[in-house]
Amino acid sequence: MVIVMQPGACEEHVEGAIQAVKDFGFQAHPIYGVNLTVIAVVGDKTQEHLEAFELLPGVDHVARIDKPYKLAARRPRVTETTQIDVSSAVFGGPKIAVIAGPCAVESEDGLREVAEGVRAGGASMLRGGAYKPRTSPYSFQGMREAGLALLKMASQRTGLPFVTEVMDTRNVELVARYADMLQIGARNMQNFSLLSEAGQTGKPVFLKRGMSSTIEDLLMAAEYIMSAGNEKIILCERGIRTFETATRNTLDLSAVPVLKRNTHLPVVVDPSHGTGHAWAVPPMAKAAVAAGADGLMVEVHQAPERAVSDGPQSLTIQEFATFMAELAPVAEAVGRTMA
Ligand code: PEP
Ligand code: MN
């Protein structure tokens, strides 16, 4: 059940409604939107409770949520996407936010060059892996804490906040000390202890869809983090496994309208991991924006042919600039602008 407050409801009315929920013995999860505050009510409720909440001052309406993901579900009659601010980067607003950077942090000079390049090209946020989930234990595993320190330096230099992956509960605190947003990768989407640990840091979480997960699985994973008290989640479609081998994964762009219909959380698309080919990134990014995505994540490398991981799907800095320029008219065609 959710209590949707009237637009501009005062703090006293919001607090009063939260207290009323608690007085009935339920949990209240308030979500403060730009125009609307919604209070998700968790517990075993009856029609009488619904009617009682409807009478509270400042309440617009009360609605039942028939989805298993109670906190992540889009509320009936509320069209607004929850806007998530990660320092200067904003997800879920009218602008399309672009996260760009190398697959892995490899060196100070390389990272600086990419960070400055993507900022000049119009990115809102920097990415880079310091802990890399590699299929082979013999592949480069990442620079770990040294990589986090380089990301922090590049971020301070460019003013771009950064996101980086955390793979293990033992590193959550360390990664959260450096990063502006924690990434949970496809391989860990259902690592429930990692989800709750990341949720407890209070940092925004960038949650990537598992390669063999349904959209509902993704939303239930988000629910784990939200039920730990962290509402700041950005969902990412990054391609799923199918029988097709022409692309690295099959980028499921229909997930975008499905997610927009079912959740209030912002949706980002990663066409780099989604396709595995740099040449496929610009067309799929345009399609993602046209489909309603709130943002994009793309891999960019100063010399993709020398990248230690994911070179074939990485754009050069020059290609990134062209990519951003070509996205602008597509964003405008669907009523958005590039951040
Ligand atoms: C990444 O973004 O660095 C990554 C490893 O992606 P995924 O978890 O989607 O494979
Ligand atoms: Mn990668």
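In this predicted model, the buried residues of helix α4 pack against α3 (108–121), β8 (125–127), β9 (162–165) and α5 (172–178). Those buried residues are G147, L148, L150, L151, A154, S155 and T158. Viewed down the axis of α4, they fall within an arc of 160 degrees, so they line one face of the helix. On the face of α4 turned away from the buried side sit the exposed residues Q156 and R157.

Turning to the aromatic residues, a search of the whole structure finds four aromatic pairs. One of them joins F24 and F53 edge-to-face, at 5.4 Å centre to centre and with 90 degrees between the planes. Because F24 lies in the loop between α1 (11–23) and β2 (27–32) while F53 belongs to helix α2 (residues 47–54), this pair ties together parts 29 residues apart in sequence. F24 is partly exposed, with a relative accessible area of 41%, whereas F53 counts as buried at 1%.

Another pair, F192 and Y224, is stacked, with 4.3 Å centre to centre and 25 degrees between the planes. Here F192 of helix α6 (residues 192–201) is linked to Y224 of helix α7 (residues 215–227), 32 residues apart. At 33% relative accessibility F192 counts as partly exposed, and so does Y224 at 38%.

Technical notes
Residues are numbered from 1 along each chain as its sequence is written. Chains are lettered from A and ligands numbered from 1 in the order in which they are written. This is a predicted model: local features need pLDDT of at least 70, side-chain atom pairs count only at pLDDT 80 or more; totals for chains, interfaces and linings use all residues. Side-chain values use heavy atoms; hydrogens and water are left out. Buried means under 20% relative accessible area, exposed over 50%, partly exposed in between (1.4 Å probe, protein chains only). Helices (H or I, at least four residues) and strands (E, at least two) are DSSP runs, numbered from the N terminus. The arc is that of the directions from the helix axis to the C-beta atoms. Contact means heavy atoms within 4.5 Å. Rings of Phe, Tyr and Trp (its six-membered ring) pair if their centres lie within 6.5 Å; planes under 30 degrees apart count as stacked, over 60 as edge-to-face and the rest as tilted.
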